[in-house]
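Subject: Structure handover, with notes on salt bridges

Hello,

Here is the structure you are taking over. Please open it alongside these notes.

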Amino acid sequence: MVRPTERELLRANVERELNFSKVTVRPLGISYHNFVKAYGRRDRGLKEAIEFIMYIVDFWSIFTKERSILALFFPYIQQETEIINKLREGIEEAAQIVKNSIRRGGTTLYPEEVSKLAYLFQNPRIYLDYVVGRDYLTYKLLEGEKINTILKEFRPVIEAFEGKLTKGCNSDYNFYMGSIEGYAFLTLFMIDAYDNSLLKGLVEAKSEEEREKILRDYSPSKGLNQILFSVEEDMIRYNRESLRERKERKNLCLPRGGLAQRAKAIDGGLKFSSYIHEIYGNKEKGKESSQSLLYV
């Protein structure tokens with residue numbers, strides 16, 4: 001019997017988590033959107049909040065077990081233990097808000113509760129998108145695909161999202177989420193822009209061994225903390241204002257994962273735009289300038 005190589009073991013284990021996370025990320029997003037859409041009802045989405053919490057509690061216990069298994073092969077996950085714990089605490093806080101609503105009669109959520117719940121519900125979805133993006137990147141690189149090829153594949157969705165960030169979702173500039181992998185890689189790129197190390201390190205690595213070491217050992221935990229937790233008050237205020245406006249006017253963008261809004265709250269999206277220029281150089285699609293890391 002031929003024993004699998006170490007690289008094959010790494011690829012098989014990351015594929016396992018990737019497949020599990022991909023199956024989950026879209027239903028989780030739909031559940032969140034159902035909650036937000038229900039704000040105009042009398043109960044302000046209480047029923048959908050209960051459904052979201054029931055879904056995320058069941059999922060989170062399985063997801064964290066999958067992460068702990070993968071951590072045996074990819075030590076960087078240990079650096080995200082505190083982040084995962086904070087996300088779990090956020091889920092528990094959301095459950096307590098809903099319990100409090102039920103105890104006082106269980107007929108409606110207060111507007112400030114909806115705004116806080118939207119923020120708390122957004123966080124695990126953003127982290128899950130990051131995990132899918134990270135696992136997809138890792139799997140493709142372990143399969144032998146080049147980092148430059150992967151970055152070029154997702155350049156259109158990244159630059160389209162920059163247009164949404166700078167011009168706003170209600171402008172004539174359209175952004176489409178696209179595939180699960182596309183939005184997940186965008187989330188990874190956004191987080192890494194506020195860490196400036198993972199993708200840049202993979203591009204600059206001189207050997208496959210060096211890239212594999214980065215994949216195993218490096219977590220953009222600084223970027224994760226900034227995107228997930230540093231803008232809580234800004235996001236709660238944004239959720240409150242956008243939900244109120246959406247109730248009064250139709251055809252407005254939903255406060256989805258809040259990814260663009262979080263970048264705006266941190267620094268107006270400057271690091272994200274700067275990172276796009278650093279990685280891709282010339283913004284004319286399909287071309288890289290000599291100032292780009294992809295220029296070979």
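First, the conventions. The model is predicted, and local features need pLDDT of at least 70, side-chain atom pairs count only at pLDDT 80 or more, and totals for chains, interfaces and linings use all residues. Residues are numbered from 1 along each chain as its sequence is written, and side-chain values use heavy atoms, with hydrogens and water left out.

A salt bridge here is a side-chain nitrogen of Lys or Arg within 4 Å of a carboxyl oxygen of Asp or Glu. The count by this rule is 23 salt bridges.

Arg16 and Glu66

Arg16 forms a salt bridge with Glu66, and their closest N and O atoms are 3.0 Å apart. Arg16 belongs to helix α1 (residues 6-37) and Glu66 to helix α2 (residues 46-70), so this pair ties together parts that are 50 residues apart in sequence. Helices are DSSP runs (H or I, at least four residues), numbered from the N terminus. Arg16 is partly exposed, at 46% relative accessibility, whereas Glu66 is buried, with a relative accessible area of 12%. For these classes, buried means under 20% relative accessible area, exposed over 50%, and partly exposed in between (1.4 Å probe, protein chains only).

Glu80 and Arg67

The salt bridge between the side chains of Glu80 and Arg67 has an N to O distance of 3.3 Å. Glu80 is in the loop between α2 and α3 (81-103) and Arg67 is in helix α2, 13 residues apart, and the pair links distant parts of the chain. Glu80 counts as buried, at 0% relative accessibility, and Arg67 is buried as well, with a relative accessible area of 2%.

Asp129 and Arg125

In the salt bridge of Asp129 with Arg125, the closest N and O atoms are 2.8 Å apart. Both residues lie in helix α4 (residues 111-143), and because they are four residues apart, about one helical turn separates them. Asp129 is buried, at a relative accessible area of 2%; Arg125 is buried too, at 11%.

A network of salt bridges links Glu6, Arg7, Glu208, Arg211, Glu212 and Arg216.

Val23 is a separate point: this residue lies in helix α1 and counts as exposed, at 63% relative accessibility.

Regards

Terms used:
Helices (H or I, at least four residues) and strands (E, at least two) are DSSP runs, numbered from the N terminus.
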